[in-house]
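What follows is a walk through a predicted model. Please keep the sequence and the coordinates at hand while reading.

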Amino acid sequence: MLNKIDKLITKELLLKAFKNLVTAKAMTEIYEENFKVVSKYVHATSRGHEVIQIAVGMQLEPQDYMFPYYRDDSMLLAIGMTPYELMLQVLAKKDDPFSAGRTYYAHPSLNDIDKPKIPHQSSATGMQAIPATGVALGFAYKESLGIDEAIAQQVRNDRPVVVCSLGDASVTEGEIAEAFQMAALKQLPILYLVQDNGWDISANAAETRAQNAAEYAAGFHGLEAISIDGTDFEESYKTINEVIEKIRTERRPFLVHAKVPLLNHHTSGVRMEFYRDDLDEARSRDPYPKMLKLLSDFNISEETINEIITSAQAEVASSLDKASKAEDPKPEDLFTHDFAPTLITEEVGERSPEGGEKVVMVDCALFAIEELMAKHPECLLYGQDVGGRLGGVFREAATLAQKFGDNRVFNTPIQEAFIVGSTVGMSAVGLKPIVEVQFADYIWPGLNQLFTEVSRSCYLSNGKWPVSMILRVPIGAYGSGGPYHSSSLESVVSNIRGIKIAYPSNGADLKGLLKAAYYDPNPVVIFEHKGLYWSKVKGTKGATSIEPSEDYMLPFGKAWVLQEIWPQDGDETLSIITYGMGVHWAYNATREMGITDRVEIVDLRTLHPLDYDTVFKSVKKCGKCLVVTEEPSENSFSRALQGRIQEECFQSLDAPVMVIGSENMPAIPLNSVLEETMIPSTIKVKAKIEQLLKY
């Protein structure tokens with residue numbers, strides 16, 4: 001027998017594991033007995049999966065990070081969570097330790113000093129693989145000389161690992177491939193635990209998978225994959241022990257594919273009797289009787305076993321009773337932790353130092369990042385083609401890799417989802433990633449991570465895990481960029497709550513906002529118009545700036561009245577609200593028309609938070625308003641702003657609030673004549689100004 005030749009499995013270990021198993025089993029049973037009470041909010045349980053989860057959870061340490069998925073309550077018990085704590089979540093109570101009643105059962109987020117760390121978990125299957133791999137990437141960076149030798153040595157001493165728990169069905173998703181690719185490429189210290197119960201919801205493995213997870217992982221060279229019986233505690237515990245020890249010492253990725261039965265419903269809302277035809281076969285692989293036999297093999301008495309069962313059942317029953325009586329969140333609790341507080345609330349530093357030289361906008365950003373990286377070793381920059389060989393397709397990262405090393409400034413594969421989602425893990429281990437999507441048109445694969453993981457992490461973890469990152473996005477049309485390098489999409493991104501958005505019109509603002517974004521603990525998207533980078537487009541010399549001082553910072557939510565007017569009796573006046581390239585169209589239009597004393601121009605600078613006070617003050621003063629944007633205007637950010645201005649300023653308006661944007665066509669054509677017809681221009685803005693002033 002294994003216990004005679006392998007001292008790893010002891011009687012004490014078995015008793016501890018068995019207590020976790022019967023506790024999880026008792027929780028499943030009491031949820032079924034009280035179905036009408038606990039099914040108010042959706043939940044899933046680990047019934048059938050308990051053994052492999054317990055084998056993992058019992059072997060993790062406080063310095064480790066784990067990313068469970070929504071069926072992993074046994075794993076949570078194994079790291080030291082109590083039934084009462086889990087039941088506070090199943091009932092969405094105020095004291096739910098993970099989210100304060102905001103998210104589903106077994107969607108943990110934990111930052112306790114004595115337990116493995118668990119960043120925010122979403123419901124979207126497989127989504128956690130990229131953030132988890134980001135943690136491992138962060139460990140690898142810290143372990144190098146990327147921060148300093150003391151921190152590197154601390155990581156080497158702690159030997160932390162990351163565990164990412166997945167269902168086998170989720171391994172078919174493309175984002176899983178991105179995570180596996182990076183883990184294998186960079187040889188990261190991560191374990192992908194795949195629990196294979198043969199089902200998605202009602203679709204089974206034969207319908208949806210060409211191979212199991214271990215067979216799939218074999219195609220990623222450098223990712224070692226192992227298949228085991230996840231219902232056998234000895235095999236599970238020993239395998240996980242060997243794998244985790246190898247990860248701790250050899251710092252390379254593994255995948256463990258554990259076959260398990262699903263013995264309870266997919267969730268409380270999708271019950272197994274609706275569609276399952278394999279329940280007898282699944283029950284024949286129940287880990288519970290296997291565990292009872294193992295206890296008997298170790299000469300553990302039936303009396304001891306019954307005491308553990310009785311004690312667990314009593315604790316579970318009292319926990320549910322106590323949790324049922326616990327306080328619900330109050331209405332005002334809705335409005336906390338959408339963002340973590342930032343210290344950058346006022347403009348500081350010199351915007352235009354005496355004797356400074358004017359530089360182009362792209363260089364203002366480059367110099368800002370260089371200053372940040374020189375000062376903060378936790379600052380990294382990565383994305384497509386930003387490494388030393390090119391330094392970005394717009395040279396926006398030129399020389400940075402040479403100055404700071406390939407471990408701090410590096411290329412990624414063409415993986416927008418990984419670029420965006422890995423920042424969750426990087427931030428969780430104390431790093432500050434600055435990442436780049438090469439063109440706005442290619443942000444779409446990254447929106448899944450930006451919406452589901454990045455933007456909601458602070459709110460759904462009740463403030464424990466804000467994601468501190470900067471996402472740079474070159475945007476906008478000029479010079480016949482065509483339909484795949486010219487789009488504007490601020491309306492899509494501004495509809496994602498929980499992120500801050502900047503869209504500067506000049507280099508000084510870009511540098512100041514980048515600096516503020518770095519010291520902001522929240523996720524920030526910065527749209528940088530390609531046509532302003534080098535001021536090569538006619539009429540955009542205003543985007544060049546005297547480079548601000550190193551300590552210059554510009555807070556988010558502070559618009560700039562760059563052309564202020566003082567209305568006089570009898571004059572028709574107009575307020576133009578705009579941002580990005582629109583600032584230059586408006587500025588040039590009013591100069592060419594000779595009406596700079598009649599048109600006020602407000603540069604929003606940031607789209608969220610948005611400085612409504614400055615906007616409304618300008619509109620009420622002028623009596624008329626034009627919103628200028630490069631986006632197609634229908635169903636857009638600008639239309640929403642138009643409506644808000646109309647609502648707030650109605651009593652002061654002498655004309656309807658109007659909008660000018662691009663034509664509402666599906667894409668920007670390559671041909672220069674068609675491109676010019678599509679997007680706004682100084683000429684088109686002049687015509688709109690005339691129309692409004694005459695209204």
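A residue counts as buried when its relative accessible area is under 20%, as exposed when that area is over 50%, and as partly exposed in between. Phe-439 has a relative accessible area of 12%, so this residue is buried. Tyr-442 has a relative accessibility of 31% and therefore counts as partly exposed.

These two residues also bring in the aromatic contacts. A pair of aromatic rings is described by the distance of the centres and the angle of the planes. Rings pair if their centres lie within 6.5 Å, and planes over 60 degrees apart count as edge-to-face. The count by this rule is 20 aromatic pairs. In the pair of Phe-439 and Tyr-442, the ring centres are 6.2 Å apart and the planes stand at 85°, so the arrangement is edge-to-face. Elsewhere, Phe-180, Tyr-192, Tyr-216 and Phe-220 form a cluster linked by ring pairs.

Rings also take part in contacts with charged side chains. Arg-271 lies over the face of Phe-35, 4.5 Å from the ring centre. Over the ring of Tyr-612 sits the charged end of Arg-644, at 4.1 Å from the centre.

Next comes the sheet. Five strands with parallel pairing make up an open sheet in the order β1-β2-β3-β5-β4. Its edges are β1 (65–67) and β4 (224–229), each of which pairs on one side only. On average, and with direction ignored, neighbouring strands of this sheet are turned by 15° against each other. Strands β2 (residues 162–167) and β3 (residues 190–196) run parallel and are joined by six bridges. Opposite Val-194 in β3 stands Leu-166. Across β2, β3, β4 and β5 (254–259) lies helix α4 (residues 50–57), which runs at about 165° to β3.

Conventions: Residues are numbered from 1 along each chain as its sequence is written. This is a predicted model: local features need pLDDT of at least 70, side-chain atom pairs count only at pLDDT 80 or more; totals for chains, interfaces and linings use all residues. Side-chain values use heavy atoms; hydrogens and water are left out. Rings of Phe, Tyr and Trp (its six-membered ring) pair if their centres lie within 6.5 Å; planes under 30 degrees apart count as stacked, over 60 as edge-to-face and the rest as tilted. Buried means under 20% relative accessible area, exposed over 50%, partly exposed in between (1.4 Å probe, protein chains only). A charge sits over a ring if NZ of Lys or CZ of Arg is within 6 Å of the ring centre and within 35 degrees of the ring normal. Two strands pair if DSSP finds at least two bridges between them. Helices (H or I, at least four residues) and strands (E, at least two) are DSSP runs, numbered from the N terminus. Axes are lines fitted to C-alpha atoms, for helices over the stretch in contact, and angles run from 0 to 180 degrees between N-to-C directions. Contact means heavy atoms within 4.5 Å.
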